[in-house]
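I wrote them in the order in which I checked each point.

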Amino acid sequence: MPNVFGAPHKGTGPDAQQGHSPVPPGVSRFGTHEQVVFCQDEASGLRAIIAIYSTALGPSLGGTRFYPYASEEEALSDVLNLSRGMAYKAALAGLDLGGGKAVIIGDPATEKTEAKLRAYGRFVQSLNGRYYTACDIGTYSEDMDVIARECRFVTGRTVEHGGAGDSSILTAFGVYQGMRAAAETVWGSPTLRGKRVGVEGVGKVGHRLVEHLREDGADIVICDVDEAAIDRVRSLHPEVEVVADSDEMIRTDLDVYAPCALGGSLNDETVPVLKAKVVCGSANNQLAHTGVEKSLADRGILYTPDYVINSGGLIQVADEIEGFDFDRAKARAAGIYDTTRKIFALAADEGVPPAVAADRLAERRMSEISRLRSILL
Ligand SMILES: NC(=O)c1ccc[n+]([C@@H]2O[C@H](COP(=O)([O-])OP(=O)(O)OC[C@H]3O[C@@H](n4cnc5c(N)ncnc54)[C@H](O)[C@@H]3O)[C@@H](O)[C@H]2O)c1
């Protein structure tokens, strides 16, 4: 890995958002991350990076992204950003877990082999439980089963192997709970009945979100770049309206905009023309850069912080550590409703946008609970 000691710069991965600025003297290029592990196995071609942002609340947990990064520096930038986000997500999901993430550099369609996954599994095992892995872009439950042949610290496995299966089930449920909390804050009642909700991206999470919303009595508008995804929704719900693309979605008369496709959809171009009063969707890193949360607040749009409401999937796979129980995991994911309300209340009390309030609440839990380790047992 020739660039191991190169400073990270702006990432270009699928959720790339804010890059790291040049590192000032005396500051680690790994920010405040606890541990960053570069893994290489020449024979299998494995090149991976595991980043542990924090173990303040417990072992770190986060998925393994298998992605054809253009350079090792981009992979590093992505894994540092993502692992930090996982720590905040776990903290607000009420889990005793820290934040970690891993990336395997390569094209999953052509470069994923049993040997590479198992070599990776041995590196995860070598951390002896400081990091638990799971699925992410480019990795699937079946891959976790392969990794688990070398490693005990794996979640997101197939149901046949005691895993939780498709995490989008509770992700969608959690987003719906967050949306109910937003509806209560804006319209006084925790229901989307009669509201017009635009779901951008009706893939694994988005199409399940549509089910919850239809059951609740919402009117739905959808868009997707994949015709098959649109057809799947329309075959079950012919009354659902379809718009051409995300640009039209943003400009459509909506009560709620639910970005469930890619990150970065809230930016300097979209926020000024957004019609919805509430933003609440599953996509990671919806705010294109710092400051967008303030532009939303200035326009009177209630933004429901993405990492809070999309934590249902994390809750689902984390439950595997105890031995998966769907009802227990669902009950915990239902708590996203209360957490979201708490964030809106804190935002109002402290006069900050909800995204800032969410960070503050997560940081408070990390600091209050990790402090307990100072009590000698
Ligand atoms: N699956 C989970 O458990 C989970 C958990 C947390 C966060 N998320 C995030 O939620 C989002 C959706 O995840 P998913 O698992 O449903 O992924 P997915 O790939 O199944 O679905 C995404 C959908 O968005 C569509 N899409 C892509 N680009 C688009 C565009 N420009 N306009 C409209 N549609 C577009 C795709 O065709 C696809 O149907 C992602 O950002 C993901 O990171 C997912």
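Before starting, I noted that two residues are in contact if their C-beta atoms, placed from the backbone, lie within 7 Å. I also noted that this is a predicted model, in which local features need pLDDT of at least 70 and side-chain atom pairs count only at pLDDT 80 or more, while totals for chains, interfaces and linings use all residues. Residues are numbered from 1 along each chain as its sequence is written.

Entry one: A333. I found A333 in helix α12, residues 326-334; helices (H or I, at least four residues) and strands (E, at least two) are DSSP runs, numbered from the N terminus. Leaving out residues up to four places away in sequence, A333 touches L170, F173, G174, Q177, G312 and I315. I counted A333 as buried because it has 26 C-beta neighbours inside 10 Å, the rule being that 20 or more other C-beta atoms within 10 Å make a residue buried, 12 or fewer make it exposed, and anything in between makes it partly exposed, with C-beta atoms placed from the backbone. I also looked up I309, which is 24 residues from A333 in sequence and 9.0 Å from it in space, C-alpha to C-alpha.

Entry two: the record. For "binding site", an unreviewed UniProt entry lists G201, V202, G203, K204, V205 and G206; the positions are given in the numbering used here, feature names are shortened, and annotations may be inferred rather than shown by experiment. I looked at G203, which lies in the loop between β7 (196-200) and α6 (204-216) and is partly exposed, with 15 other C-beta atoms within 10 Å. G206, by contrast, is found in helix α6 and counts as buried, with 26 C-beta neighbours inside 10 Å. Apart from its neighbours within four places in sequence, G206 is in contact with V199, G201 and C260.

Entry three: the ligand. I noted that 25 residues surround the ligand, and that the closest are G201, G203, V205, A261 and G313; a residue is near a molecule if its C-beta atom, placed from the backbone, lies within 6 Å of it. Helix α6 gives the most to this shell, with three residues.

The buried residues of α13 are I336, Y337, T339, T340, I343, F344 and A347, and they pack against α1 (72-92), α5, α10 (306-309), α11 (312-318), α12 and α14 (354-371). After α13 comes G351, whose phi is positive, near 65°.
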